[in-house]
Structure formats: structure tokens, C-alpha cells
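Visitor: I would like to learn how to read helix packing from a set of coordinates. Please take me through one case.

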Amino acid sequence: MLCVGFIEEVIFRGFLFKAIAKDNLKSAIIISSVTFGVGHLVNLFNGSGMDLVSNLCQICFAIAVGFLLVTIFYRGGSLLPCMITHSAINTFSTFANEVGFTVEKHMIRVLVMTVLTVAYTLILTKTLPKRQRKNGNDKVD
């Protein structure tokens, strides 16, 4: 679970976000977050036993987490907090007991987690200082 968080952060925030942000920051935020979430579609086909509704809920939550992680990365300038957060979410979700959850309970749980994640992202957006660029100019992002 720890390695998956590391690899996904390098791909979605390290490479994808950085490459697109050079031209358009808003597009980079949206594209890296949405592709991160949609990338979890692979769980339908990897033998995890996840049903369609659970996978769609996971995708919605992963998109929200993608926005959170890109905010942390953009504002902080380091992938390390993203990797730690991502790995923690993966590890905790491994131990979550969802046996006996109805579709409605599962959807409510994911909705609550998504709302909390979006709220935290908005709080971070307003409270974390914007980082200064390290590429030679003194412009503040």
C-alpha cells in the first residue's frame, strides 16, 4: 500500500501536474485530479472483487482526494506530504470493514468522506501560503 501511494503521486502530481501546470495551472489541477480518480477504474478488472457501485464510489472519493493532494503539492512544493497522506488513506482503507454495508450506506459513507475531503481542501486553499517559485524568478504563484 505504501508503494502504490508513492508511485501514483510521482505520476499524477510529480509528472502530470507539473507538465500541464507550465501552461495552465487550473487545467493541471483539474486534469491531474480527475485522471487520478478515473485511474481507480482499474479495480473493476484487477481481481479485487469490487462491484460497480463500490468502484464508482471509490472513483468519486479518489477525485476529491486528488484535489486535496494537488492542493497540498502545489501549496507546499513537495511530494512527500502527498505520499504520506496517500499511503495512509490506502492503508486505513485496507482495514476498513465494509461487510454488510448496503449500497445506500456505502454511498452515504463515501458522500460524507468526499464532503469532508472537499471541505479540507478548501480550508487548505485559503490557509496555506502560496509557495514561491524556485526557477530563478521572484514571482510568487
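Visitor: Which residues of the largest nonpolar core touch the most other members?

Guide: A word on the source before that. This is a predicted model, in which local features need pLDDT of at least 70 and side-chain atom pairs count only at pLDDT 80 or more, while totals for chains, interfaces and linings use all residues. Residues are numbered from 1 along each chain as its sequence is written, and side-chain values use heavy atoms, with hydrogens and water left out.

Guide: A nonpolar core is a set of buried Ala, Val, Leu, Ile, Met, Phe, Trp, Tyr and Cys residues joined through side-chain atoms within 4.5 Å. Buried means under 20% relative accessible area, exposed over 50%, and partly exposed in between, with a 1.4 Å probe and protein chains only. Here the largest core has 19 residues, and Phe 17, Phe 36, Val 65, Leu 69, Ile 72, Phe 73 and Cys 82 touch the most other members. At least two residues come from each of α1 (2-21), α2, α3, α4 and α5 (103-127), and α3 gives the largest share, ten residues.

Visitor: How many helices and strands does the chain have?

Guide: Helices (H or I, at least four residues) and strands (E, at least two) are DSSP runs, numbered from the N terminus. The chain has five helices and zero strands. Of its 141 residues, 31% count as buried.

Visitor: What describes two packed helices?

Guide: The angle between their axes and the distance between the axes. Axes are lines fitted to C-alpha atoms, for helices over the stretch in contact, and angles run from 0 to 180 degrees between N-to-C directions. Angles under 35 degrees count as roughly parallel, over 145 as roughly antiparallel, 65 to 115 as roughly perpendicular and the rest as oblique.

Visitor: At what angle do α3 and α4 pack?

Guide: Helix α3 (residues 52-76) and helix α4 (residues 80-94) pack at about 155°, with axes 9 Å apart. That makes α3 roughly antiparallel to α4. Contact means heavy atoms within 4.5 Å. On the α3 side the contact is made by Phe 61, Val 65, Leu 69, Ile 72 and Phe 73, and on the α4 side by Pro 81, Cys 82, Thr 85, His 86 and Ile 89. For the class of each residue, Ala, Val, Leu, Ile, Met, Phe, Trp, Tyr, Cys and Pro count as nonpolar, Asp, Glu, Lys and Arg as charged, and the others, Gly among them, as polar. The contact of α3 with α4 has eight nonpolar, two polar and no charged residues.

Visitor: How do the axes of α2 and α3 cross?

Guide: The axes of helix α2 (residues 25-38) and α3 come within 7 Å and cross at roughly 140°. That makes α2 oblique to α3. The residues in contact include Ile 29 and Phe 36 of α2 and Val 65 and Leu 69 of α3. They divide into 14 nonpolar, four polar and no charged.

Visitor: Are α3 and α5 roughly parallel or roughly antiparallel?

Guide: They pack at an angle of about 10°, with axes 9 Å apart, which makes α3 roughly parallel to α5. This contact divides into 16 nonpolar, seven polar and one charged.

Visitor: Is Leu 116 buried or exposed?

Guide: Leu 116 is found in helix α5 and counts as exposed, because its relative accessibility is 56%. Leu 116 and Ala 64 are 52 residues apart in sequence and 9.3 Å apart in space, C-alpha to C-alpha.
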